[in-house]
Amino acid sequence: MSTQLFRIQENLKHLKLYKTYEHLESLLEEASKENLSYSDFLDQLLAREVAAKKEKNIAMRTALAKFPFIKTLESFDFSFQPSIDKKRIKDLATCRFIANGENVIFLGPPGVGKTHLAVALGIKAVTEGYRTYFTQALPLIANLTRAYAENRIEERLKFYCQPKLLIIDEIGYIPIDRHGAHLFFQLISRRYEKGAMILTSNRSFSQWNEIFGDPVIATAILDRLLHHSTTINIKGNSYRLKEKVKAGLVKERETQLS
Ligand SMILES: Nc1ncnc2c1ncn2[C@@H]1O[C@H](COP(=O)(O)OP(=O)(O)OP(=O)(O)O)[C@@H](O)[C@H]1O
Ligand SMILES: [Mg+2]
């Protein structure tokens, strides 16, 4: 390797231009073979480097988001769930609601795609550069309760307030005790008008009193959540049972849970 090539590689490493560093020799060969102008060569080199960095950042943010699975809007079959207005979902996919610190709430019975859509929007968010965190309601409340008992509640609330988008899945599957409800209220209150959230629940808003065991707290939570929000009410069949219906293991009417 020439001293110049070595020096270029050292400088690329110093500048953290790793993509170019790794492929320098082939890039130079390609450029001379194709007789590229200086500006074309620089243009291509920088475009590849920026694309590689973007990809790496997306992968990092995706790992930090702790999605339970990777599902996209492209793999969502809207024809199976006609109660969902595709245009509204497409509009949410622009991530404007995140920039504005607004909330999205998916309501509906089991298997209708609430978590799928929440994750899909979360993936759009990380692609757009927004720090995102996914959690189910139960571990979230358990973590807040433990942190409170250990005198670390401030630190924990800050943790949940850091992501630009916080996704809280499965509100309502299991009732939340009074103390947990108070801590949950504190979190909602802190994120109010600052950080966007996506929530999913199998219970209608009128049933949230039962989830939180206290109508005053439930109302205060809903008041803040719904102030700047979009609610997507999914009324339809469980997709999980679709394959079973096809195989004749379940009758169509048994899938109609709502
Ligand atoms: N319309 C759809 N198109 C493609 N896949 C779907 C659709 N709806 C649901 N699914 C798939 O079916 C499974 C169940 O969906 P999901 O987990 O989103 O349901 P859910 O509404 O969150 O249910 P639960 O309330 O039980 O958590 C997932 O694997 C999801 O990817
Ligand atoms: Mg779900």
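The following questions and answers concern a predicted model of a protein chain with a ligand.

Reader: How many helices and strands are there in the protein chain?
Author: The model examined here is predicted. Its protein chain contains both kinds of element, and the count is twelve helices and five strands.

Reader: What radius of gyration does the protein chain have, beside that of a compact globule of 258 residues?
Author: The C-alpha trace spans about 75 × 55 × 30 Å along its principal axes. A compact globule of 258 residues would have a radius of gyration near 18 Å, whereas the value for the protein chain is 24 Å.

Reader: What share of the contacts with a separation of 6 or more joins residues 24 or more positions apart?
Author: Buried residues make up 26% of the 258 residues in the chain. Among contacts with a separation of 6 or more, the share that links residues 24 or more positions apart is 80%.

Reader: Which strands stand at the edges of the sheet?
Author: The five strands form an open sheet with parallel pairing, in the order E2-E3-E4-E1-E5. Two of the strands have a single partner strand each, so one side of each is left without a neighbour in the sheet. On average, neighbouring strands of this sheet are turned by 10° against each other, direction ignored. The strands at the edges are E2 (132-136) and E5 (229-233).

Reader: Which residue in E4 is the bridge partner of Leu165?
Author: Strand E3 covers residues 165-171 and strand E4 covers residues 196-201. These two strands pair in the parallel sense over five bridges. The bridge partner of Leu165 in E4 is Ala196.

Reader: Is Gly122 buried or exposed?
Author: Gly122 belongs to helix H6. Beyond its neighbours within four places in sequence, its contacts are Ala65, Phe67, Thr132, Phe134, Leu165 and Ile167. A residue is buried if 20 or more other C-beta atoms lie within 10 Å of its own. Because Gly122 has 26 such atoms within 10 Å, it is buried.

Reader: What distance separates the C-alpha atoms of Gly122 and Phe67?
Author: Phe67 is one of the contacts of Gly122. Along the chain the two residues are 55 residues apart, and their C-alpha atoms are separated by 8.3 Å.

Reader: Is Cys95 buried or exposed?
Author: Cys95 lies in the loop between helix H4 (86-92) and helix H5 (96-99). Its phi is near 70°, a positive value in a residue other than glycine. Since Cys95 has 20 C-beta neighbours inside 10 Å, it counts as buried.

Reader: Is Glu193 buried or exposed?
Author: Glu193 is located in the loop between helix H9 (178-191) and E4. Although not a glycine, Glu193 has a positive phi of about 65°. The count of C-beta neighbours inside 10 Å is 10, so Glu193 is classed as exposed.

Reader: What distance separates the C-alpha atoms of Ala220 and Phe185?
Author: Ala220 is part of helix H11 (residues 215-227). Because it has 17 C-beta neighbours inside 10 Å, Ala220 counts as partly exposed. Ala220 and Phe185 are 35 residues apart along the chain, and their C-alpha atoms are separated by 7.5 Å.

Reader: Which helix contributes the largest share of the shell around ligand 1?
Author: Ligand 1 is surrounded by 17 residues, and the closest are Pro110, Gly113, Thr115, His116 and Tyr239. By type, the shell consists of five nonpolar, seven polar and five charged residues. The largest share, three residues, comes from helix H6 (residues 114-127).

Conventions: Residues numbered from 1 in each chain as written. Chains lettered and ligands numbered in written order. Predicted model: local features only at pLDDT ≥ 70, side-chain atom pairs only at ≥ 80, totals over all residues. Near = placed C-beta within 6 Å. Helix = DSSP H or I, 4+ residues; strand = E, 2+ residues; numbered from the N terminus. Nonpolar A, V, L, I, M, F, W, Y, C, P; charged D, E, K, R; others polar. Rg over C-alpha atoms; globule rule 2.2 N^0.38 Å. Buried ≥ 20, exposed ≤ 12 C-beta atoms within 10 Å, placed from the backbone. Contact = placed C-beta atoms within 7 Å. Pairing = 2+ DSSP bridges. Axes fitted to C-alpha atoms, helices over the stretch in contact; angles between N-to-C directions.
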